[in-house]
Amino acid sequence: MKHLLPAIVMAAATLTAAAGVPGSLKPGARPAPASRAEAPLAAPARAEAQAAAAARAGFHAVTAADAGMKLSSFTVGYSATLTDVMDIDYASGYAGTAIGGDFYYCAFTTNSTGGITAVDWRCIDVAARAVKWTKPQTTANAVCMDITHDPTTGALYGISAMTDALVTIDPATGTVTAAVETLPFYTLAADLGGNLYGILMQSDGTGALYTVNRLTGGAVKIGDTGVTMLSSGGAAYFQTSAFSRVDGRLYWLTPSATGTDLYRVDIATGRAAALCTLPALEALCMFDLPAEQAAGSPAPVSGASATVDGTGIKIAFDAPATSADGSGPASLRSIDIYRGGAVEPLHSIAPATPGKAYTYLDPAPAAGINTYRIVAVGDPGESLPAYVTAFYGDDYPQAPGDVEAGPGDDGYPVVSWTAPVKGLNGLDLDPAGLTYNVYRDTDGTPEQIATGLSAISWRDATLDLTRQAMTYYYVSAVSAAGEGARSAAAGIHTGPAYRLPFEETFADGNPATAPWTMQSLALGGAWEVGIVTTAPGTGPYTGAGMLIFRGFTGVAAGAEARVVTPVLTFEDADAPALRFHFYHADFGDDMHFDDHMLVEVSADGGPFEPLAGADLYQYTADTRWTEYTFSLARYARRSNVRIGFHGISAAGMDLALDNIRLLDDPAGISAPAPDPADAPAEYYDLQGRRVATPSRGIYILRQGPATRKVVIR
């Protein structure tokens, strides 16, 4: 359950967005620029002359030029020329990559404020120059700054364009299936061993290269690229990068004042070497396809593997027996083994015998993932590379398990957990060698409050217990490799319970009491605090806000969510009672939708149980704002009580709830709330903002319980 802050914004703040209004680009994410008004950039020194090879690195990219959006191809060099492959439908932005010979990408459109208005997930058969399918998305989750393919897992990884998160994407549907927090990268690339690299813009405007842990989101800086990224208003434009399947090196396309600059990036230092400027305003979604070879070149090595062997990594493979085209026996001069993106071989086998099995032990692998590129070299040219990978050394820990938070003897929370025994890469861990970090979240932002703990429990004596809060704790384990994944949240109510009488009217558009919590129970259902419902249309009963469960727009039938009061104590109450206003409007039999609200009660931390007779359907009356009273006498003298309002959508009408009060009512009845019919007129614009002096236009007029649209001419 997540707490509402501070105005109970209940849609998921990270990725998920309602259908029809998919989301907004995060600050720093800019679609393609309309012009090039910025000054030209000073290019870094040219890269070293390219070594002779049987195949040169080549890429495809979506490009934007005066002729429109194209899928284009180019070969890496110092004077790259774009070759049109096919036209691409226009969009504000793109992100994608290739799997085999198919190009998977997300195309999205935005409005002038960065709001994402439409999202499509597409697949193109590049050889056939045809769109295989298009799948419209109901959320913006697939909208990314850049997307890359990890051939070791088959996963598509992306950097979200809505929040700083590393996500995985189902290529068949575009559905985002996982997300971890990371740094605000503009581009992401996986090498052939599954290692992720990202480039971000530093405060001085220059790019920096990082390694990115695909399991935790953790990032380690390698070095500065030396390239100033084109920006406007403090935000750079979309970038793209990719590793070549031919030479195993990282290439980066970044917009410049004159086109799109191509760089080769040294993954050991981060330094970028300028190659050329492509004649396109933008070049996005860079990816490569299987390369062509010179006739008679050797076939790739077969049966390649990499395994940890004592203090090293053993690499095994069979030398090719034939040429790549099968026209004859392999002509071999050597077999070269490269580690990472190195230009010089780690080891060469020369001469090499066709068809022979070989092994090599790397005596000094790096801690972490090690990727090896194996290339057979013959007289006509080189084979396509084979890639193997192995994890070496200490593993990053999995998240601690069974995390719980409970009250200690002095009222301060005690957090406990169990130690992980496996690493994120599957290696065994020694729990005795682990330490732990604890994070606390009371306002929507987790902060580290303890580090280097050796025990598997911790007492939070730093928490302010003078006010009630819903406090969440996360725990991570740290090995010699570094910090592993954070645990799931463990929540606990802390601070004093509210005594009766209790009132919440959202008078200024925010809750005056805290914490109100919201749990989405099914299909993304959510409550929010708002000023106007869509259908039936109404403003708050009183004050400047009310609780709204959306059913009219962007919600699937069957969506459910529960909004919950802070903890209340009935220790001094003999006859506690609940009162609130609920909005009814009857539009006739053909407009009867089964959107309804259950009132539920949880006592002493137990499950929520429905209150007898408290199942309210929106359409069952035409009484507009209607006051309800329910006895809570069965919970008298209980010290920990929470009231839940459980919305269930039929995708028909909104539910509106306001003026929530809990009181001790010994007589069993109490006077109803006064009717504010004589209240002064209040005007709101269509976004729910109050307007003190309305001019010409359309407004929501609220006077007491009555709300209607008016036109001021």
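A polar contact here is a pair of N or O atoms within 3.5 Å; within protein, one must be able to donate a hydrogen and the other to accept it, and residues adjacent in sequence count only if both atoms are side-chain atoms. The model is predicted, so local features need pLDDT of at least 70, side-chain atom pairs count only at pLDDT 80 or more, and totals for chains, interfaces and linings use all residues. Residues are numbered from 1 along each chain as its sequence is written, and side-chain values use heavy atoms, with hydrogens and water left out.

**Exercise 1.** Find out where Ser160 sits and which backbone nitrogens its side chain reaches.

*Solution.*
- Step 1: look for the strand. Ser160 belongs to β11, residues 156-160; strands are DSSP runs of E, at least two residues, numbered from the N terminus.
- Step 2: check the cover. Ser160 has a relative accessible area of 0%, and buried means under 20% (1.4 Å probe, protein chains only), so Ser160 is buried.
- Step 3: follow the side chain. It comes to 3.0 Å from the backbone nitrogen of Met162, and one of its polar atoms lies 3.3 Å from the backbone nitrogen of Thr163.

**Exercise 2.** Work out the strand order of the open sheet that contains β27 and β30.

*Solution.*
- Step 1: recall the rule. Two strands pair if DSSP finds at least two bridges between them.
- Step 2: read the order. Four strands run β28-β27-β30-β31, with antiparallel pairing.
- Step 3: spot the edges. β28 (347-349) and β31 (386-392) each pair on one side only.
- Step 4: zoom in. β27 (334-339) and β30 (368-377) share six bridges, and Arg339 has Tyr372 in β30 as its bridge partner.

Note on methods: Buried means under 20% relative accessible area, exposed over 50%, partly exposed in between (1.4 Å probe, protein chains only).
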